[in-house]
Amino acid sequence: MDGVLLSKLKNLIKKTVESSSTADHGASGEECKTMLDALNKVTACYRHLVIALGSTSDSQNLREELKKTRKKAQELAVANRNKLTELLKDKTTSKDDRAEYERLWVLFTSSMELLEVDMKRSLEIGQEFPLKVPTRHLIQTGMTGSTTTVAARAMSVQNMKYDADSNIDTADLKELQTEITQVGQMMEEMEMKVQVAPWAVEAKQEAGAELKSTLSVGNSSVGVISICEEDARSCPGDENCCVCIPNGTDSPYSPLL
Amino acid sequence: MTIRNVRDHGQRFRPRMACLKKVESVMLEMQDPKTGVKSQPQRLVSTTIPHAITGEDIVAWLTNCYSIGAEEAWALGTMLVAFGYIYPLQDHKRLVIKPDASLYRFQTPYFWPAQQWPVEDTDYAIYLAKRNIRKRGVLALYEQVQYNSLHKWMNHKWDFIVMQAKEQYRAGKERKKPDRVVFDCQERAYWVVHRPPPGTVSAMDYGLERMVDPNTEEKQTSDFFRRIMIFTQQSIMRPRVKSSVSIGALVKYSVTYNKHDPFLAPCLPSNPWVTDDVTYWFLNMANVGIPTKMRVERWTFSFGELLSDPRGRDDFRLFLKKEFSGENLAFWEACEDLKWGTAATMNDKAQQVYKTFLTRGAPRWINIDGKTMEVTVKGLKHPHRYVLDAAQTHIFMLMKKDSFGRYLKSPVFKDTQKRAICPDQHMFSVPQLEANARKRRPSISPIIVRQLEQEERARMATSGPVDITQVMSKLSNKGKEVPPSKK
């Protein structure tokens, strides 16, 4: 890990030591949630980026976006892990608090699993579709736009800056391989050290919880575009025939944090 | 966290999917701007999306590239769609290639079916949650069922699923409109292939997963050689049969069963796996009153066939009851019960069998030769599952040589044969087939079936088998006085 990361880590640890020394578990619980939300966001964005790999929206920029998002995800992962391990190792937490930390732990490990799979897949697809070859055959998927906005969301910046070398598509793959092994090792370590039974955790959200609070996000169906070429009439009376996308203007990004 | 007893380092090998690598190279060739498939833009209401290809172009390209006939190209194209490498833009639930102007599009490499990436239920749950958001709670019926079941057994991860679904949904909105439409199509197509809605046939039904790569070369250790030696020794010791005899047996089998094989001859009224209509299974249930003609014909092939079909066995039992020789079949069934029953009940069952069938003066005494009787009684001192095997075989051969022939000539059988039905073949039109697919429901739970069977057996046991000693005494009294007719 480089110096910047180490110092960040040291600050974080100092903060958590201070907060736990005042036995204020409520605040550290909130901190945890914030960090987990950030990790969750980066994982979601990383998945969107990996889906664009190998297709016609693949480019130098995409590879760089992937690299930056990945590094950010790893930073967040390490920070989350340290925080949560420390909270879970503390024997003086109340039962309710402990249940809450175990729930957060399950959130964390699920995120990490998704991240690990996506990293492995991005390695595989990255190897199959190098950019700097004379006849490159990117799959014509119909996606042609860029993914800078998604990456900007992941990095929590307004605009992305691109400063990578032109051989990033091959050079980055080696780094990616080492990072994948690191993540794998980290997850094995976590399994060994922390005794949490994931199946014992009860979710707070009930079925259909995703419908609440997203109704405000995304303007509603003022005009829908259907991807069926023909009229709805010629489709066999099946409501799932058309995929309707709300046609409103892009809603202002309402941050969860 | 998912249980990670098996570290999945791409170890789940699904041998039938070995063709996927080859399909990927076909995909790459199709992308070539000069020699690949020609693409055209797809015009929607408010946007234009490039890279749409027509079915006829795909089929024509395959025909040219591989110098094959049109029908084979059509089959190959359908395979590409069924695997999910190409997805249809209209009629997205039918994974076939229509060699006309219907539009298709290539799937992004992330969503390609890859041999070593199993399809995760977590991802499916996230997808359903996202769909729930977009459809504002109105999911299709089969999706709703899946959603509920996933919510039940993945409950500990549900917070994560909701969080991730919301985040992915928001991140997706960051892209431009045409890309959003394409992404939604891609994701939907991926899940149509891997979690097919009712009525969709996808190519992903690959059977059991294997933990070992069947294509790796096995390391030649001493263990390996020992196994080969044992195998060859056993092969040498095996009794051999002249090939004319064994081939003759195969030919006879094929000729006899030709019309009864559902792959080679259409089964009446229709094959449920093809038409989704379950009449065939209803007509051939174990306790049906009137069997079908094909079923009755099968009983005449061999005694084993008759006994293994529960309806046939019932018929045979009825015949034996009229002949007062039901104890043979009862003994045979008791032996089967012992063989297949639980270990805890074995001792009791063996004793019961001895008391009822084998001991001198038993109520249902069976007629086996002295040697077999000796062996059996000796074995019963330390009963195990197969202790009655010798006696069972003897009785089986007895029934086969004697009763079976008489059964086939008996009025019982002739009556059953006459009353057997021959249903007409179904002629379903395409909309009727789709309606059938929608009406598919799971059949009766096997637990209930087993309960019914047990009740049936209990009922038969209480109705009482014919007690031979009483019958004999009645018969011996017959000569002395006229018994009052009780019936």
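Of the 487 residues in chain B, 41% are buried (under 20% relative accessible area, with exposed meaning over 50% and partly exposed in between, using a 1.4 Å probe and protein chains only). This is a predicted model in which local features need pLDDT of at least 70 and side-chain atom pairs count only at pLDDT 80 or more, while totals for chains, interfaces and linings use all residues. Residues are numbered from 1 along each chain as its sequence is written, chains are lettered from A and ligands numbered from 1 in the order in which they are written, and side-chain values use heavy atoms, leaving out hydrogens and water.

**Chain B as a whole**

- Chain B has 22 helices and 4 strands; these are DSSP runs numbered from the N terminus, with helices being H or I of at least four residues and strands E of at least two.
- Among its contacts between residues at least 6 apart in sequence, 65% join residues at least 24 apart, where contact means heavy atoms within 4.5 Å.

**The second largest cavity**

- The second largest cavity is lined by 13 residues, and those nearest its centre are B:Tyr127, B:Tyr142, B:Glu143, B:Arg188 and B:Val192.
- Helix 4 (121-134), helix 5 (141-153) and helix 7 (177-194) of chain B each give two or more residues to this lining.
- A cavity here is a set of points on a 1 Å grid over the protein atoms alone where a 1.4 Å probe fits but cannot get out, and lining residues have an atom within 4 Å of a point.

**Backbone features to look for**

- Most residues other than glycine have a negative phi, and most peptide bonds are trans.
- The peptide bond from B:Leu268 to B:Pro269 is cis, with omega near -5°, and B:Pro269 sits in the loop between helix 9 (243-257) and helix 10 (272-275) of chain B.
- B:His51, in strand 2 (residues 48-54) of chain B, has a positive phi of about 60°; this residue counts as buried because its relative accessible area is 14%.
- B:Phe324 also has a positive phi, near 60°, and lies in the loop between helix 14 (310-323) and helix 15 (326-340) of chain B; with 53% relative accessibility, B:Phe324 is exposed.

**A buried glutamate in chain A**

- A:Glu100 belongs to helix 4 (residues 95-128) of chain A and counts as buried at 14% relative accessibility.
- Leaving aside residues up to four places away in sequence, A:Glu100 touches A:Lys33 and A:Lys204.

Key. On a 1 Å grid over the protein atoms alone, a cavity is a set of points where a 1.4 Å probe fits but cannot get out, and a pocket is an open set with protein on both sides within 12 Å along at least five of seven lines; lining residues have an atom within 4 Å of a point.
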